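Please read this briefing alongside the sequence and the model. The points are grouped by topic.

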Amino acid sequence: MGDALSNLALYIHWPFCLSKCPYCDFNSHIQRNLSADEMGEALKRELKTTLQRAKLAGYTNLSSIFFGGGTPSLMNPDLVHDLLSEALSTLPQQNDLTEITLEANPTSAEKANFSAFKEAGVNRLSLGIQSLNPEDLKLLGREHSVTEALTALEMARSIFKRVSFDLIYARSGQNAQAWEAELKQALSFKPDHLSLYQLTIESGTPYATLYKKKKIIPPPDEEGATMYKLTEALLAKENIFPYEISNYAQKGQESRHNLSYWHYQDYMGIGAGAHGRFRENDHTIATSCLKPPKFWLEQIQIKQHGIEEEIILSQEEIIEEAILTGLRLCEGISFKRFKERTGKSLLDHLNKSFLENCIEAGFLTLSETALAPTLQGRLRLNAILGGLLGE
């Protein structure tokens, strides 16, 4: 089923943050009673175990490495260097093109390490700016100011050839006019990659509690849709185009690591809460590591890995996941790639009458090579996916 194994993406999770943002439901924690040195040593041990498993499974190259979190820019640059050295000596780069991304926050302490991260081997920085509005930065629980964010962005661009930054929009009280002004300010910095996320209220977060009490009121869905369309139009004028629902880039600047997820390619994850999807012995394996850093650390010391759950995916699960991830892409799902990965024809696994209705309504386009969402389709993707995968 598919081509011989070669390239593998690697995700490394650092779970600690200076503070927990009230909207965030990622596996992130304020570091208490756990040594950063101990965590670093545990990551090295898990990495070694994971890479050996990858080699035995038949992987020969690392196509990308992504340090996510949490806040990986809180890591010691020496640890980043050691992890990259281990990874790239075990599974080397393919033609020296491995994309190595590190997520960073723009606070002064982290900014001071940007050069050291580059020396450690990082070649792409992703900055979590989130807002260019001082009041909204406070409401989002961010530790940096607008001035710090813009200074960090300039510094990052002077050090790294590839820099991306994140913004959150459809924030409480924000309208399309305010978002347009903020986005134009962001575009004045001539970015080549942006991740632009509509604020979502995640259950279990402080924001969910505030939302129930009506202390935060996101714009209505119609206003959010207007902001989404406005975003695409403004960025197109700068030759920045969407390639996934929330990600925009100049041609050639797309995140290769994230594309590996959306193309349903193989990746392994290490660190508390990290996930993996990879092939081994003609099966597709799904792994997830223990989320609490303390328990993850304890298991590493015993088993040399932090995996809590490991399952063999059925062909039906593989097909469904490939559809759910692939239709997030503006290019859609390549029939050829889908067949190579699953051994099946995409159109045989979709609700045909619903598909026809979506094409007629202008939500999806069907060509000889791919099925892709339009702008209107991306605005209602969850409903479309539910219908396509339904009976």
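**Strand pairing and helix packing**

β8 and strand β10 (residues 247-249) pair in the antiparallel sense over three bridges; strands count as paired if DSSP finds at least two bridges between them. Helices (H or I, at least four residues) and strands (E, at least two) are DSSP runs, numbered from the N terminus. The model is predicted: local features need pLDDT of at least 70 and side-chain atom pairs pLDDT 80 or more, while totals for chains, interfaces and linings use all residues. Residues are numbered from 1 along each chain as its sequence is written, and side-chain values use heavy atoms, without hydrogens and water.

**β7 and β8**
- Strands β7 (residues 162-169) and β8 (residues 193-198) run parallel and are joined by five bridges.
- Tyrosine 169 is opposite glutamine 198 in β8.
- Between β7 and β8 the chain passes through helix α7 (residues 176-187), in a right-handed β-α-β crossover (clockwise from the first strand over the helix to the second, with the strands pointing away from the viewer).

**Sheet β15-β17-β16**
- Three strands form an open sheet in the order β15-β17-β16, with antiparallel pairing.
- β15 (333-334) and β16 (364-366) are at the edges with a single partner strand each, so one side of each has no neighbour in the sheet.
- β16 pairs with β17 (residues 370-373) over three bridges, and threonine 365 stands opposite alanine 372 in β17.

**α1 and α2**
- The axes of helices α1 (residues 36-57) and α2 (residues 77-90) come within 10 Å and cross at roughly 10 degrees, the axes being lines fitted to C-alpha atoms over the stretch in contact, with angles from 0 to 180 degrees between N-to-C directions.
- α1 is therefore roughly parallel to α2 (angles under 35 degrees).
- Contacts (heavy atoms within 4.5 Å) involve residues including Leu43 and Leu47 in α1 and Leu79 and Leu83 in α2.

Notes:
Parallel < 35°, antiparallel > 145°, perpendicular 65-115°, else oblique.
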